[in-house]
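Trainee: I have just opened this one for the first time. Could you walk me through it slowly?

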Amino acid sequence: MAIAKLVLVMALVAAAGCSSGDAWDPNNRTLTAHTAPVIHALRPRLGSGRQLSSTAGISCDSWRLAVEAYNKRDWKTVPAECESYVGHYMLGDQYHRDSRVVVDEAVAYAESLKLAGNGKEVWVFDIDETSLSNLPYYATHGFGSRPYNATSFTEYVLKGNAPALPETLRLFKKLVALGIKPVFLTGRTEDQRAITVQNLFRQGYSGWAKLLLKPLGVKVTSIAYKSGERQKIQDAGYVIVGNIGDQWSDILGAPEGARTFKLPDPMYYIG
C-alpha cells in the first residue's frame with residue numbers, strides 16, 4: 001500500500017508538471033513553456049523507511065550503508081524486503097539532506113581553489129542520478145528491486161523529462177560563476193545526444209564545456225570507459241579539479257580528478 005501511494009504521488013506530480021507542448025528553442029537554449037518538475041516536488045514528507053526484514057533478517061539501513069561505502073559490490077537488484085525502505089528514502093527528506101551535505105562540501109572545496117585563470121580547470125559531472133534524476137521512472141519500477149529493463153528505461157530517457165537534482169544544479173551554477181568549466185561524462189550512448197542536450201537545457205544546465213557520451217558498440221566497464229575519457233581530457237591540457245557521480249565507477253580509475261564526490265544512490269549498481 002505504501003509503495004502504491006508513493007507511485008500515485010509521483011504520477012500525479014509528473015502529469016501536472018510535464019506538458020507535451022513544451023518547446024525548446026536551440027538558439028537561446030530556453031523553454032517557451034513549462035519545464036519538467038524538480039525533484040523537490042516529487043518527495044512526500046516521509047521518513048527514510050528504517051525497518052528490519054522479519055523474514056530474511058536484513059537491516060535495510062545496514063544494506064544501504066554497505067552499498068554507499070562500496071563494501072557491497074556487483075549486486076543486481078535491491079533486496080525485495082527493502083523496496084519500501086528505498087522508496088521512502090528516495091522520496092523522503094533524507095535523500096535530499098544527504099545530497100545537500102555532499103554538495104555543500106563540493107562548493108566549499110571549489111571556493112577554496114586558486115584558479116590559474118587560463119580557463120583550463122574543469123569539473124566532471126555524471127548525468128543519471130547525478131545531474132538528472134530518473135526517480136520518476138524507478139518509482140514505477142520497484143525502486144531498483146526489479147531487474148533492469150533496458151527497453152523501458154530507454155523509452156523513459158527519450159522522453160527528455162528527467163528532472164534536475166537541485167543540489168547538483170546548485171553546484172553546477174556555482175562552478176560556472178567561479179570560472180570552472182563543467183564537463184558531462186555519461187554512460188548514455190551517442191544516439192541519445194540530442195534528447196540529453198535538450199533535457200539538460202530544460203532543467204537549467206547551460207554553459208558546459210563538453211558532453212561526452214559513449215560511442216555505440218563500445219563494450220568496456222564503466223570504470224575503464226570513464227577513466228579513459230578523463231585521461232583524454234587531461235591529455236588535452238585541462239586540469240580536472242573535481243569529479244562528482246552517484247556510482248563508484250564514476251569516480252574510480254586514474255585520473256580521478258583532484259577531488260571526488262559521491263552522491264547517494266541505493267537503487268542500482270554499475271561496475
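Predicted model: local features only at pLDDT ≥ 70, side-chain atom pairs only at ≥ 80, totals over all residues.

Trainee: How much of the protein counts as buried?

Mentor: Of its 271 residues, 49% count as buried. The protein exposes about 12400 Å², of which carbon and sulfur atoms supply 55%. As for the contacts with a separation of 6 or more, 73% of them are between residues 24 or more positions apart.

Trainee: Let's do the sheet. In what order do the strands of the open sheet come?

Mentor: The open sheet is formed by 5 strands in the order β5-β4-β3-β6-β7, and their pairing is parallel. At its edges are β5, residues 210-214, and β7, residues 260-262, each of which pairs on one side only. On average, neighbouring strands of this sheet are turned by 20° against each other, if direction is ignored.

Trainee: And what does pairing mean for strands, in general?

Mentor: In general, the strands of a sheet pair through backbone hydrogen bonds, and they do so either parallel or antiparallel.

Trainee: Then how many bridges join β3 to β6?

Mentor: There are 5 bridges between β3 and β6, which run parallel, and Phe125 has Ile244 as its bridge partner in β6. Ile244 also has a bridge partner in β7, namely Phe261, while Gly245 has Lys262 as its partner in β7. Strand β6, residues 239-245, runs parallel to β7 and is joined to it by 3 bridges.

Trainee: Why is β6 described as largely enclosed?

Mentor: The reason lies in its residues: 6 of the 7 in β6 are buried, so the strand is largely enclosed by the rest of the structure.

Trainee: Which helix lies across β3, β4 and β6?

Mentor: That is α7, residues 166-178, which lies across β3 (121-125), β4 (181-189) and β6, and which runs at about 165° to β3.

Trainee: Switching to another helix, how many residues of α3 are buried?

Mentor: Helix α3, residues 83-91, is mostly covered, with 7 of its 9 residues buried. Those buried residues are Tyr85, Val86, Gly87, His88, Tyr89, Met90 and Leu91.

Trainee: I also clicked on Ser145. Where is it found?

Mentor: Ser145 is found in the loop between α5 (135-138) and α6 (150-157). Its side chain makes a polar contact of 3.5 Å with the side chain of Glu83, and the side chain of Ser145 also reaches the backbone oxygen of Gly142 at 2.7 Å. If you leave aside neighbours within four places in sequence, Ser145 is in contact with Thr77, Val78 and Glu83.

Trainee: Why does Ser145 count as buried?

Mentor: Buried means under 20% relative accessible area, and Ser145 counts as buried because its relative accessibility is 17%.

Trainee: Last one, Gln94. Is that buried or exposed?

Mentor: Gln94 is buried, because its relative accessible area is 17%. Gln94 lies in helix α4, residues 93-112, and a polar contact of 2.8 Å joins its side chain to that of Arg97.

Note on methods. Residues numbered from 1 in each chain as written. Heavy atoms only, no water. Helix = DSSP H or I, 4+ residues; strand = E, 2+ residues; numbered from the N terminus. Buried < 20%, exposed > 50% of the residue type's maximum accessible area, 1.4 Å probe, protein only. Polar contact = N/O pair within 3.5 Å; in protein donor to acceptor, adjacent residues only side chain to side chain. Contact = heavy atoms within 4.5 Å. Areas by Shrake-Rupley, 256 points an atom, 1.4 Å probe, with all protein chains shown as cover. Pairing = 2+ DSSP bridges. Axes fitted to C-alpha atoms, helices over the stretch in contact; angles between N-to-C directions.
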